[in-house]
Amino acid sequence: MCGIVGFIGNKNAKDVVLNGLTRLEYRGYDSAGLSLFNSRYQTFDVYKDEGRVQKLVDSTKNAAFSNIGIGHTRWATHGRVNKENSHPHYSQTRRFIIVHNGVIENYQQLKDQYLRNTILTSETDTEVIAQLIETFSQTLSVEIAITTTLKLLHGSYALLVLDSNDPEKIYAAKYKSPLIVGQGVDGITVASDLMALIGYSTDYHALDDKTFLVARKEGIRLFDLNNESLDLHFKPIELDDQDTTKGEYAHYMMKEIHEQPSVLRRIVTNYYEKEKSLIKSEILESIKSSDRLYILAAGTSMHAGLIGKQLIEKMTSIPVEVHIASEFAYQKPLLSKNPMFILVTQSGETADLRACLVLINQHHYKSLTITNVPTSTLAREATYFLELYAGPEIAVASTKAYVAQVAVLSLIAHELSNQSIDIRKELSIAATSIENFLSSEEILPLVREYLTRRNCFFIGRGLDYHVSLEAALKLKEISYIQTEGFAAGELKHGTIALIEEGTPVIALISDPKINNNTRSNLKEVQARGAKTFRIVMESCKQDGDEVILENVHPLLTPLVMVVPTQLLAYYAALERSYDIDKPRNLAKSVTVE
Ligand code: M6R
């Protein structure tokens, strides 16, 4: 949520920052801004406006060379989407310039207490930080003014600060929101995530909470908030350009849908050496010794967690509860005696989950984060972590990460169980089934025929019900069609009242045992005018079914059943000419609660 990038070195900072912002735009795209040093007037210029990074690229075309700069792409939290509220923000005398990702919860209080005589020019919480630094810098050194300010802030921040009086330094600090510093031959880049560093840095250090750094062309110094020096620990960057481009596809989402078979194969390769599982035995032992598992997650990841619960409970005797992270954090349920927590998250930065993990750690419970980003906060702060190996997921709508989450959860379930499933083979059958479907899919005509209304329902039973929830989220978030996923048998208990002539109802059917039950529910809605179609596994196929998928292991059907629903969402958004990879009001990494 919001992307920030700063650069100091031998290159034109404008290029590094704009390229970085373009790569981080999936984190927020309400507005974009940049600050560069103007050597003629010895000040920092600010360019910003609502809209996308491309607009900023155009408006900064003629900006002069500057070897230092910071930029921001915004997902609005405080204040409307407009130029004034866009970052960077100046302090009152324009001495300090700041970009920020996060939320300052006590900004009003700080304003009332310290800034009564300061005129603020935006509605943002961020501007308060710039003004406080300026206020404190009147009597304190800049570094102390910054740490004094940081100590007053409640909430979350990753921020970069420039000082016009000393234009050879970028100050950076972090609490709860992610921040990474990279070094390369041409200079130092500080950014919200690794993607902004590709091409400019060879190594990176992920900042810990409540640390603060000063980047100069010559090097980086790291401190705690008491200005005590700390060591930096650099690791090589293993991402490359290929991972972050669309390749032959028009949208990242389509590319990521098509990557799903290879993601499943990569998971098998990374988690097995021949037949031997590479999941650390201590992780499995911790799970086995707990009396109940609590899966915590949000959105699509929560839907993967629901499938995980089914898999673990069906393959082992360990009970599992699934909780929405934002609810769990503040409405903690009655826990079992010896709980263990599994946090499922693509980004590893979701603030709602972080709030849960803080609580979990306070109680010294064991936790496992399953994430796509091994450098992320939730990977680092949990007792254990497992990687998804999905490769960077850039489309806001999550697809391959969901499939990877379900697959990794299935591996955990398998390693805990006594059942003799050849999970490697079964996952590879699922990969082939997806591949074969994708190579011959004919989803667009279905979209044109059925998804013409402002609402839609997905129905299913058992695992298909949980896939229906994910299918509905995908369709609504990118096509803006109001969609609900429903347990097929539950519809008649109230929601069927919404069915009218032409309402699309899509049934997911993968389990022969309940095939006919779901079909009866379809008949009920058809009788009331619904336009229905079916996505089915071959084992459940009947005449006239529209989408038929090659059979896979009965516990792994979600991996395959979800794919046509991802395409339905994709084509529905395409038909409406919506911005598929960056749907309105959303951001990829939700780092505010
Ligand atoms: O990064 P996370 O998996 O923790 O994100 C959680 C949700 O915000 C995310 O799954 C969201 O629902 C999807 N982007 C929707 O496609």
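These are my notebook entries on what I looked up in this structure, which is a predicted model.

**Entry 1: the cores**

I began with the largest nonpolar core, which has 99 residues, and I looked for the members that touch the most other members: these are Ile 287, Leu 368 and Leu 559. I then asked which element gives the most to this core, and I found helix 18, residues 557–575, with 12 residues. Apart from this core I noted another one, of 26 residues, with Phe 96, Leu 115, Leu 132 and Ile 133 among them.

I went back to Ile 287 and listed its contacts, leaving aside residues up to four places away in sequence: Ile 287 touches Leu 293, Ile 318, Met 340, Ile 342, Leu 368, Ile 412 and Leu 416.

**Entry 2: a buried lysine**

Next I looked up Lys 169, which I found in the loop between strand 7 (157–163) and strand 8 (170–175). Is Lys 169 buried or exposed? Its relative accessibility is 15%, and because buried means under 20%, Lys 169 counts as buried.

I then checked what surrounds this residue. The side chain of Lys 169 makes a polar contact with the side chain of Asp 166, at 2.9 Å. Not counting residues up to four places away in sequence, I saw that Lys 169 touches Ile 8, Ile 68, Val 161, Leu 162, Val 214, Ala 215 and Arg 216.

**Entry 3: salt bridges**

I wrote down a reminder before this step: side chains of opposite charge can pair when their charged atoms come close. How many salt bridges does a search of the whole structure find? The search finds 29 of them, and I looked at a few in turn.

In one of these salt bridges the side chains of Lys 174 and Asp 209 meet, with 2.9 Å from N to O. This pair links distant parts of the chain, 35 residues apart, since I found Lys 174 in strand 8 and Asp 209 in the loop between strand 11 (203–206) and strand 12 (211–216). Both Lys 174 and Asp 209 are buried.

Glu 381 is partly exposed, with a relative accessible area of 27%, while Arg 354 is buried, with 8%. I then found that salt bridges that share partners join Lys 174, Asp 209, Arg 354 and Glu 381 into one network.

I turned to the largest pocket, in which about 1,100 Å³ of space lies. Of the 49 residues that line this pocket, I listed the closest to its centre as Leu 194, Tyr 204, Val 373, Pro 374 and Thr 375. Which element gives the largest share of the lining? I found that helix 12 does, with 4 residues; strand 11, strand 15 (235–236), helix 7 (260–271), helix 12 and strand 22 (384–387) each supply at least two.

I also looked for cavities, and the structure holds 2 of 30 Å³ or more. The largest cavity has a volume of about 80 Å³ and is lined by 15 residues, of which Cys 2, Trp 75, Thr 77, His 87 and Gly 102 lie nearest its centre.

**Entry 4: backbone details**

Most residues other than glycine have a negative phi, and most peptide bonds are trans, so I noted the exceptions that I came across. A cis peptide bond joins His 87 and Pro 88, with omega about 0°, and I placed Pro 88 in the loop between strand 4 (68–74) and strand 5 (89–90).

I found a positive phi, near 55°, at His 364, which lies in the loop between helix 11 and strand 21 (366–371) and is exposed, with a relative accessible area of 71%. Phi of Tyr 389 is also positive and near 55°; I placed Tyr 389 in the loop between strand 22 and helix 13 (400–416), and this residue is partly exposed, at 22%.

Note on methods: Residues are numbered from 1 along each chain as its sequence is written. This is a predicted model: local features need pLDDT of at least 70, side-chain atom pairs count only at pLDDT 80 or more; totals for chains, interfaces and linings use all residues. Side-chain values use heavy atoms; hydrogens and water are left out. Buried means under 20% relative accessible area, exposed over 50%, partly exposed in between (1.4 Å probe, protein chains only). A polar contact is a pair of N or O atoms within 3.5 Å; within protein, one must be able to donate a hydrogen and the other to accept it, and residues adjacent in sequence count only if both atoms are side-chain atoms. Contact means heavy atoms within 4.5 Å. A nonpolar core is a set of buried Ala, Val, Leu, Ile, Met, Phe, Trp, Tyr and Cys residues joined through side-chain atoms within 4.5 Å. A salt bridge is a side-chain nitrogen of Lys or Arg within 4 Å of a carboxyl oxygen of Asp or Glu. On a 1 Å grid over the protein atoms alone, a cavity is a set of points where a 1.4 Å probe fits but cannot get out, and a pocket is an open set with protein on both sides within 12 Å along at least five of seven lines; lining residues have an atom within 4 Å of a point. Grid points are joined across faces, edges and corners, and a volume is the space filled by probe spheres set on the points.
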